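Here is a short report on a structure. Keep the sequence and the 3D view open as you read.

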Amino acid sequence: MTEVAYRDALRLALSDAMAADEAVVLIGEEVGLYGGAYGVTKGLLDRFGANRVIDTPISEPGIVGAAIGAAMTGLRPVAEIMYVDFVGMVMDQLANQAAKSRYMFGGQIGVPMVLRTQGGTGRSAAAQHSQSLEAWIMHTPGLRLAMPGTVSDAYHLLRDALRQPDPVVFIEHKSLYTMKGEIGDSPDAPWGSPAIRRAGQDLTIATYSRMLHETLKAADALAADVSVEVVDLRCLNPMDDSVLMDSVRRTGRCLIVTEAVTTASVSSEIAARVTEQCFDWLEEPPLRLGGEDIPIPVSPALERASIPDAVLIEEVARWLVTREAPTWAA
Amino acid sequence: MTLVNDAALHRYRTMRRIRSFEERVGEMFLKGETAGSMLHLSIGEEAVVGLTDHMTDGDTFTTHHRGHGVFLARGADPMRMLAEIGGRDVGYCRGKGGSMHIADRGLGHLGANAIVGGGIPHIVGAGITARNTGSGAISVAFFGDGAMGQGILYEAMNMAALWKLPVVFCCVNNQYGMGTRVDRAAGKQDFPARADAFGLRAARADGADVEAVQETARAIVDGARDGQPGFLEIDAYRFHGHARMDKSPYRTPEEEATGRKRDPLATARTALDDDATLDTIDADANAEMDRAMAGAIAATAPASATMFEDVYDPTTAAPQPQRARLAAVLGERP
C-alpha cells in the first residue's frame with residue numbers, strides 16, 4: 001500500500017464523501033480557489049463546482065451559521081474554520097445553535113454538519129494561531145469531537161464524522177499535514193472508541209493528535225526499563241472509555257499527555273474518570289502532562305519549550321514508574 | 001364581498017388570532033401555568049402577517065424570541081404552542097424549548113432563538129440548500145431592531161447578496177431592544193439603507209397597516225424567489241414590556257399611549273369599514289384561544305427520563321444519567 005500525507009488523506013475523505021453524496025458541501029474561507037490554507041481542499045472546486053465548494057468572505061460566525069441552516073434543511077455541510085483559535089468568533093453558532101438545536105426543538109431538527117479546523121503548535125504561529133482548544137468543545141453537550149493523530153484516522157475519522165447525525169468538530173493538527181502514512185482498509189477502531197497504539201504492562205499513557213507521536217517515541221526510549229501502553233483517544237466525544245479503563249486496570253498507572261494546557265482540560269477529565277473508575281486498581285494517582293499554562297509564544301525556542309516532547313514524556317513516565325527523578329527535579 | 005376584501009379579512013383574522021393568543025400567554029402566566037416568565041409578547045407587531053402572507057409550503061423561517069405571531073401566521077396549532085410555553089409534553093418541542101425556542105420542521109420553522117441575531121445566518125444555509133436542490137423555497141429571518149446591532153446580521157446579509165440567495169431579512173422594529181429605545185442604540189436609524197448598501201432589495205413598511213406591509217413585502221418576496229435577496233423593516237410599536245415581568249419604567253405613559261395608537265388591528269378594522277363579520281372573527285379567535293389554553297393547561301409535564309432524549313440522534317447513545325454513573329463507580333467499590 002502506498003503512503004500518503006495526512007492532508008491528502010483528509011482530501012480523499014472529503015472527495016470520496018462528496019462523490020458518494022451530493023448533499024455534502026464545503027463552505028469556508030479559501031477552501032475553493034486557494035485550495036485550503038494547508039492545501040487540504042486543493043482541486044475540489046474544479047471537481048465539484050462552486051455550488052458545492054463555497055468560498056466565503058472572512059465571516060467565521062456566518063460560515064458556521066450558514067452551515068447550520070444548510071444542515072437543518074437537508075445538506076451535509078463541512079464548514080471550515082481555518083484555525084481553531086477562531087472558534088471564539090463562532091462560539092454562539094457552535095455552542096448555542098449547532099449543539100442545542102436538536103434538544104431545544106424536541107428532537108425535530110438535527111444539525112448533521114462537520115466543522116473542520118486545525119490547531120496546535122509547531123509553526124511559530126504565536127498566541128492566536130497555535131492553541132489546543134478541544135476542552136472548549138468537549139465542555140458542550142450536543143457537540144461531537146474527533147482529533148485524528150494518524151494518516152489512517154485522518155481519512156476514516158473524517159468519513160465517520162460525515163456519517164454522524166449530529167454536529168462534529170474535527171480538529172486536525174497543523175504539524176501533521178505533511179506526515180506520511182498508509183490509509184488502512186478499515187478504521188483502526190470504531191467511531192467513539194480509542195485505539196491501543198502500543199501494548200505494555202507498566203504504564204498506560206492516554207494521548208491524542210500530535211502528542212501521540214511524541215508519546216510513541218518516548219515509549220520506544222523507555223522500552224528497556226518501562227513497558228508503556230499507548231492509548232490514542234481519537235474521539236474525545238463520544239468516548240467509550242472502557243478501552244482506556246481496561247488498560248489502566250491492567251497497568252495500574254495512568255499518565256495523560258496533551259498539547260493543551262492542563263487546567264480544566266481534557267486531561268483533567270480523563271484523570272477524573274480514571275480516579276472514579278480505577279481507584280482500587282491504581283498504584284499511583286493519575287498524572288497529567290500538558291502544555292504550560294501560558295499563551296503560546298512566537299519564538300521557536302519558547303514555543304517548543306512550552307509543550308511536552310518525547311524527552312519530557314520519557315522523564316515523567318520513568319519518574320512515575322521507577323521513582324527515578326529527572327535531573328531538573330533534583 | 002370582493003376577493004381583495006376576502007384576503008384582507010383573512011389577514012385581519014390572522015392578526016386577531018395572534019393578539020388573542022398573546023393575551024392568553026399573559027393569562028397563563030398569571031395563572032402560574034407557564035414555564036417561567038421569559039415570555040415576549042408580539043402585541044402591536046401583528047402586521048408581520050403582511051409578509052407571512054407571501055410565504056408558502058416548503059418555505060422556511062427563523063424567528064427571534066418574540067416570534068409567536070410569525071409561527072401562528074405560518075399555521076401553528078395554538079394549543080401545542082401554549083403547551084410548549086407551559087413546558088408540557090405535547091408542546092411542539094416536548095417541553096424542552098419553550099417560548100423562546102419553539103420550532104416545527106414540518107411548518108418550516110427552523111427555530112425561535114434567544115440569542116439576539118442567532119437564527120439569522122441559518123437562512124443563508126437554507127438558501128444554499130434551496131439553490132443547490134432547486135426547491136424554489138425561500139427562507140425568512142425575523143428579528144427585532146435589537147439585532148441591527150449584531151455583527152452576524154451583516155455577515156449573513158453580505159453572504160446572501162454575494163450568492164444571490166432566495167432569502168429575506170425581516171426586521172420587526174418595535175422601537176426597543178429590551179429597555180433601550182432604538183435612538184439610543186443606532187447612530188443612524190435608516191435600516192433599509194444598511195441592507196441596500198450590501199446589495200439587498202430593501203424597504204420599510206408601516207407596521208400599523210398590514211395592507212401596506214403586504215404590498216411592500218410582495219416585491220421583496222418575489223425578488224427573493226428570483227434570487228434577489230431582500231430586507232424588509234416593519235415599523236411597529238411594542239405595546240407591552242420586554243418580557244412578562246417588565247413594566248417599562250423606562251418609557252413614559254404618554255409615549256405608550258401614542259405608540260399604542262399605531263395598532264394594526266384597529267387600522268385594519270377601519271379599513272374594513274367595521275364589517276359585521278369582524279365581531280364574529282374576534283369572538284371565534286377568542287374562543288379558539290380559550291380552548292387552546294385549556295388544552296395546554298390540562299396537558300401533562302414531560303416524564304423526567306425524557307430529559308436525556310434529543311441531545312443526540314436517537315440512533316446514537318444518549319448521555320449517561322448521573323445516577324447511573326455514580327452507581328457504576330460506587331457499586332463496584334469493595
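## Around Cys170 of chain B

Start with one residue. Cys170(B) is in contact with Leu51(B), Val140(B), Ala141(B), Phe142(B), Leu232(B) and Ile234(B), leaving aside its neighbours within four places in sequence. Keep in mind that this is a predicted model.

In soluble globular proteins, nonpolar side chains tend to be buried together.

## Helix α7 of chain B

Helix α7 of chain B covers residues 191-198. Its buried residues are Phe191(B), Arg194(B) and Ala195(B). They lie on the same side of α7(B), because they cover an arc of only 95° around the axis.

What do these buried residues pack against? Their partners in chain B are α6 (151-163), β4 (167-173), β7 (201-206) and β8 (230-235). After α7(B) comes Gly199(B). The phi of Gly199(B) is positive, near 105°.

## Where the chains meet

Now look at the contact between the chains. Chain A brings 40 residues to it, and chain B brings 43 residues. On the chain A side, four helices each supply at least two residues: α3 (60-72), α4 (87-98), α5 (101-104) and α10 (266-278). The most comes from α3(A), with 10 residues.

What is the make-up of the chain A side by class? It divides into 17 nonpolar, 18 polar and five charged residues.

## Chain A as a whole

Chain A holds 12 helices and 14 strands. Its C-alpha atoms fill a box of roughly 60 × 45 × 40 Å along the principal axes. A compact globule of 330 residues would have a radius of gyration near 20 Å, so the 20 Å of chain A agrees. Buried residues make up 58% of chain A. Take the contacts in chain A with a separation of 6 or more: 77% of them join residues 24 or more positions apart.

## Chain B as a whole

Chain B has 12 helices and eight strands. Its C-alpha atoms fill a box of roughly 80 × 45 × 40 Å, taken along the principal axes. For 334 residues, a compact globule would have a radius of gyration near 20 Å; chain B has 21 Å, so it agrees.

What share of chain B counts as buried? The figure is 50% of its 334 residues. Among contacts in chain B with a separation of 6 or more, 74% are between residues 24 or more positions apart.

Definitions and conventions. Residues numbered from 1 in each chain as written. Chains lettered and ligands numbered in written order. Predicted model: local features only at pLDDT ≥ 70, side-chain atom pairs only at ≥ 80, totals over all residues. Contact = placed C-beta atoms within 7 Å. Nonpolar A, V, L, I, M, F, W, Y, C, P; charged D, E, K, R; others polar. Buried ≥ 20, exposed ≤ 12 C-beta atoms within 10 Å, placed from the backbone. Arc of directions from axis to C-beta. Rg over C-alpha atoms; globule rule 2.2 N^0.38 Å.
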